[in-house]
Amino acid sequence: MENLQLLLSIIEGSNDLIQSVEPSGRFEFVNSAWLRTLGYSDAEVPALELKDVIFPGGVKKLKRLIDEAHSGRHVSNVSVTFVSKDGEMIFTEGNLFPRREGSKIIAAVGFFRNVTDRKKTEEELDEERARTEFFVDLMVHDLTNIHQEILSTLEILRLSEDLPHDLESIIDGSLREIERASDIVSNVRKITRLYSMKPETRVHDLYVAIKNSAKRVREAFPEKSLDLSTNISEGQYNLLADEFLEDVFYALLHNSMKFDKSTNVKVTVEVEPLRHTPFLKIQIKDHGPGISDEDKETVFARLSHRREGLGGLGLGLTLVKKIIENYGGYIRVEDRIEGNPSKGCNFILLLRHSTEETTEV
Amino acid sequence: MSRVMIVDDDMFLHKVLEKILLIGGHEVVGHSYNGSEAIESYVKMNPRPDVVLMDHRMPIMNGTAATKEILAIDKNAKIIFISADDTIKEQALEAGALDFLTKPIRSKELFAMLEQYT
């Protein structure tokens with residue numbers, strides 16, 4: 001008797017919709033949450049059948065699942081849409097199992113969790129995401145075309161033989177600003193895609209990615225030289241990544257170039273497979289001023305709102321971390337020489353190795 | 001010196017690109033404003049252009065669809081994409097484009113690419 005009371009209080013105290021349905025489709029039992037959520041009184045339940053409370057499009061499917069429970073099976077991960085007395089749709093997820101008396105199955109019991117709020121929030125988020133992507137995409141496309149027109153017009157002026165000499169540097173400056181604006185637009189698109197889309201990964205050659213990034217970094221710093229050494233060669237290691245892979249190496253190499261005061265910047269990239277794991281350990285070591293122990297904790301944690309974060313100087317370490325995490329990887333920073341932060345950084349990346357052939361374009 | 005056909009839905013871009021190309025010693029032999037027009041013009045041209053500069057996002061027919069059609073007509077057609085949308089680079093190359101330039105492009109990039117392919 002005490003156990004029964006305990007069971008009843010658990011069932012009645014639950015926020016889940018609990019029901020027991022006979023093979024006829026009538027309700028043998030429903031709990032308070034069921035009544036409360038669907039807006040029926042206890043007295044109304046005997047007159048109800050399953051089809052009266054289920055969204056019409058889902059009745060057949062649920063009947064089939066309930067029949068499975070009536071035949072003795074436990075059915076899990078069931079999604080059911082109820083319809084309340086006043087016509088509101090209630091989205092639930094739950095399980096069904098048979099209720100036996102002796103060897104006979106007399107009903108199918110269902111426990112359903114109300115996920116309506118979660119589902120509505122997910123739908124709103126999806127809509128908002130789609131709307132943002134649409135507007136960002138439109139903005140990026142249209143602004144880029146406008147930038148092209150302005151840039152080409154400035155180039156036409158710049159190439160003109162009649163251009164007064166004192167205007168040359170102004171036009172050169174304007175060309176740089178247009179390119180900077182264009183980089184900002186490009187980065188906005190990248191950031192939006194990083195946060196809204198699952199990466200579409202394909203196989204990339206690690207050496208080629210590093211080499212291409214180094215080339216871009218050298219072009220960004222014409223007054224310096226990058227002395228990059230690595231222990232790997234083309235074709236040696238492949239990674240599963242998307243188009244942002246080169247941005248990762250670009251950002252890290254760019255930081256090395258930017259913060260190292262010497263004109264000949266030395267960076268070493270060491271790669272080794274981690275045994276018994278699917279990961280490659282990639283260490284990018286520089287000889288710059290390093291990162292203090294306090295900053296190591298936070299260097300990946302803040303999204304850069306400074307102009308440089310978006311203004312063509314790379315995506316920022318927070319976004320580098322996001323890209324790597326999208327690949328199922330990991331990044332941290334240590335001292336190049338352990339215990340001596342002022343002797344340069346060692347960025348350690350763990351990225352998933354792929355044994356497939358590259359699909360480089 | 002290359003004979004170039006420009007395909008883009010932005011009319012002002014045609015003007016500035018043509019001027020840039022002229023400064024670089026190239027000749028613009030055709031202007032089309034969508035993929036469908038580009039196919040029609042390409043077929044009628046004799047001689048055909050040395051290279052087609054193709055945008056992607058255009059009304060009626062986009063650049064990748066037009067590229068496939070042009071290459072079906074003339075497998076030797078040389079098509080270089082100039083597009084704001086770098087996400088379609090792979091698609092463009094799979095369609096048969098020789099190369100891809102992401103807008104905004106500088107004249108020296110454009111001239112280098114024309115020299116490489118013509």
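## The hairpins of chain A

In the hairpin of strand 4 and strand 5 of chain A, two residues sit between the strands, and Gly102(A) takes a positive phi near 65°. This is a predicted model, in which local features need pLDDT of at least 70, side-chain atom pairs count only at pLDDT 80 or more, and totals for chains, interfaces and linings use all residues. Strands here are DSSP runs of E with at least two residues, helices are runs of H or I with at least four, and both are numbered from the N terminus. Strand 4 of chain A pairs with strand 5 (residues 104–114) of chain A in the antiparallel sense, over ten bridges; two strands pair if DSSP finds at least two bridges between them. Within this pairing, Pro98(A) has Ala108(A) in strand 5 as its bridge partner.

Strand 3 (residues 75–83) of chain A also pairs with strand 4 (residues 89–101) of chain A, in the antiparallel sense and over seven bridges. Here Ser79(A) stands opposite Glu93(A) of strand 4. The hairpin of strands 3 and 4 of chain A has five residues between the strands, and Gly87(A) takes a positive phi near 90° there.

## Two loop residues to look at

Let's stay with the loop between strand 3 and strand 4 of chain A, where Ser84(A) has its place. Is Ser84(A) buried or exposed? Ser84(A) counts as buried because its relative accessible area is 7%, and buried means under 20%, exposed over 50% and partly exposed in between (1.4 Å probe, protein chains only). The side chains of Ser84(A) and Asp86(A) are joined by a polar contact of 2.5 Å. A polar contact is a pair of N or O atoms within 3.5 Å; within protein, one must be able to donate a hydrogen and the other to accept it, and residues adjacent in sequence count only if both atoms are side-chain atoms. Apart from neighbours within four places in sequence, Ser84(A) is in contact with Thr37(A) and Leu38(A), where contact means heavy atoms within 4.5 Å.

Ala47(A) lies in the loop between helix 2 (32–38) and helix 3 (50–53) of chain A. Ala47(A) counts as exposed because its relative accessibility is 62%. Leaving aside neighbours within four places in sequence, Ala47(A) touches Arg26(A) and Asp52(A). Arg26(A) is 21 residues from Ala47(A) along the chain, and their C-alpha atoms are separated by 7.8 Å.

## Chain B

Chain B has five helices and five strands, and along the sequence they follow the pattern β-α-β-α-β-α-β-α-β-α. Of its 118 residues, 53% count as buried. Among contacts in chain B with a separation of 6 or more, 62% come from residues 24 or more positions apart.

## Where the chains meet

The contact takes 21 residues from chain A and 19 residues from chain B. Together the two chains bury about 2100 Å², with 57% of it on carbon and sulfur atoms; buried area is the accessible area (1.4 Å probe) that two parts lose on being put together, summed over both. His141(A), Gln148(A) and Glu149(A) supply 26% of the area that chain A buries against chain B, more than any other three residues.

How many salt bridges are there between chain A and chain B? The count is six, a salt bridge being a side-chain nitrogen of Lys or Arg within 4 Å of a carboxyl oxygen of Asp or Glu. One salt bridge joins the side chains of Arg106(B) and Glu179(A) (2.8 Å, N to O). Helix 5 (116–159) and helix 6 (168–196) of chain A are the elements that give two or more residues to the side of chain A that touches chain B. Helix 5 of chain A gives the most, with 13 residues.

## Conventions

Residues are numbered from 1 along each chain as its sequence is written, chains are lettered from A and ligands numbered from 1 in the order in which they are written, and side-chain values use heavy atoms, with hydrogens and water left out.
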